[in-house]
Amino acid sequence: MNIPLFKIYWDNEDIEAVKKIIRNGEYWATGKQIEEFEKKLADYLGVKYCLVLNSGGSALFSLMKAYDFKKGDEIIVPSFTFITTAFAPLYTGAKPVFAEVEEKTFGLDPADVEKKITSKTRAVMPIHYGGMPCQVDKIKKIAKKNNLILIEDAAESFGAKLKGKYTGTFGDAAILSFCQNKIITTGEGGAIITNDKKIYEKVGLIRSYGRKVKGDYFNHVEDLDYIVLGGNLRMPTMLAALGLSQLKKVDYIIKERRERAKYLNKKLAKIKEINIFEEPNKNYFAVYQMYTIRILEGAKIRNELMAYLQNKGISAKIYFEPVHQHTIFKDLGYTTPLPQTEKIANQVLSLPIYPTISYKELDYIIKNIFDFFKRK
């Protein structure tokens, strides 16, 4: 077999949505589908405001600028994340401060977050790893107590819930990602969501060169005023149309991912050498954007398993190597170890999961993991 780490879920409706935009011969950058996608996303999550951008990274960048973070400010982030989370504060001269993650969800450890707060701390930015909600309710209480801004990096968790509330809606603002391996995808793309009108308006300026315009910029004949420093971070109309089509299928996509994760958990739980990726309790509703197991013996056996699976045609990947160990952060002077983060990062291995992976393919993955540990 040849089983990739992920496959995009698409249908003919997605194709027709994009073809319709192409065929209209105009409004490829400023069409009505952009605002419609924003409204549908906001309605789905139950927030007041949403703005779509050309990537989740652009969404993070725009929020850093909108909150006016600057040199000397500290933002608490996990090191166990994709690099963009840690890069984001640097875009404005602020400093990312790494806190530990906890073992149940791989999210920021609220206790360590509290330890890392100083007089310079302005914000805390948790992620929801692989579509598993972190302990964001506890982090929110800490942020409120210390008068900190709470920004959720919900790039991997669209549709996930904690205590019935969607991830991304606990904080002052959040970002979403629609990159190709996410729950719904537009190839590349992202969004910010918030209930704060001022932040919404600032991001609206930043994503389009800081200019104030109503309606279609490309057909606007009057002189425009430029309010703030911004860039071209806009999402094209055809991607918004694709997003609208994908959004119609999101509940089905999540259901299929959850069913496959449940199947993997049931089977793999029998292997004493690994820990499965399961919800800590009934308050958690994970969407399994990734399915990650922990190999308890550590990096050596984990790497051997990864190579073994790849040799059998099964893709497997390490998500994530700790950010603070990358060259750029070493060069910036980050030397303090994060033992819990490093321990988890040395154990994790992400396996294939997507809505169309067959149970025959899942059984093949499971069998080969069993076979590997029988050989050891």
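Hi everyone, let me start in the loop between helix 7 and strand 10, where Tyr209 sits; helices (H or I, at least four residues) and strands (E, at least two) are DSSP runs, numbered from the N terminus. Tyr209 is not a glycine, yet its phi is positive, about 60 degrees. With a relative accessible area of 39%, Tyr209 is partly exposed; buried means under 20%, exposed over 50%, and partly exposed in between, with a 1.4 Å probe and protein chains only.

A word on the model: it is predicted, so local features need pLDDT of at least 70 and side-chain atom pairs count only at pLDDT 80 or more, while totals for chains, interfaces and linings use all residues. Residues are numbered from 1 along each chain as its sequence is written, and side-chain values use heavy atoms, with hydrogens and water left out.

Back to the backbone. Most residues other than glycine have a negative phi, and most peptide bonds are trans. Asn147 also has a positive phi, near 55 degrees, and lies in the loop between helix 6 (136–145) and strand 5 (149–153). Asn147 counts as exposed, at 71% relative accessibility. Then there is a cis peptide bond between Tyr319 and Phe320, with omega about 10 degrees. Phe320 belongs to the loop between helix 10 (299–311) and helix 11 (327–331).

Now the pockets. A pocket here is an open set of points on a 1 Å grid over the protein atoms alone, where a 1.4 Å probe fits, with protein on both sides within 12 Å along at least five of seven lines; lining residues have an atom within 4 Å of a point. The volume is the space filled by probe spheres set on the points, which are joined across faces, edges and corners.

The largest pocket has a volume of about 930 Å³. Of its 29 lining residues, Glu35, Leu51, Gly204, Arg207 and Val213 are the closest to the centre. Which element gives the largest share of that lining? Helix 2 does, with six residues.

The second largest pocket comes to about 540 Å³. It has 31 lining residues, with Phe82, Glu156, Cys179, Asn181 and Lys182 nearest the centre. Helix 3 gives the most to this lining, three residues.

Last, a sheet. Three strands form an open sheet in the order 7-6-13, with antiparallel pairing; two strands pair if DSSP finds at least two bridges between them. Strand 6 (residues 161–162) and strand 13 pair over two bridges, and Lys161 stands opposite Phe285 in strand 13.
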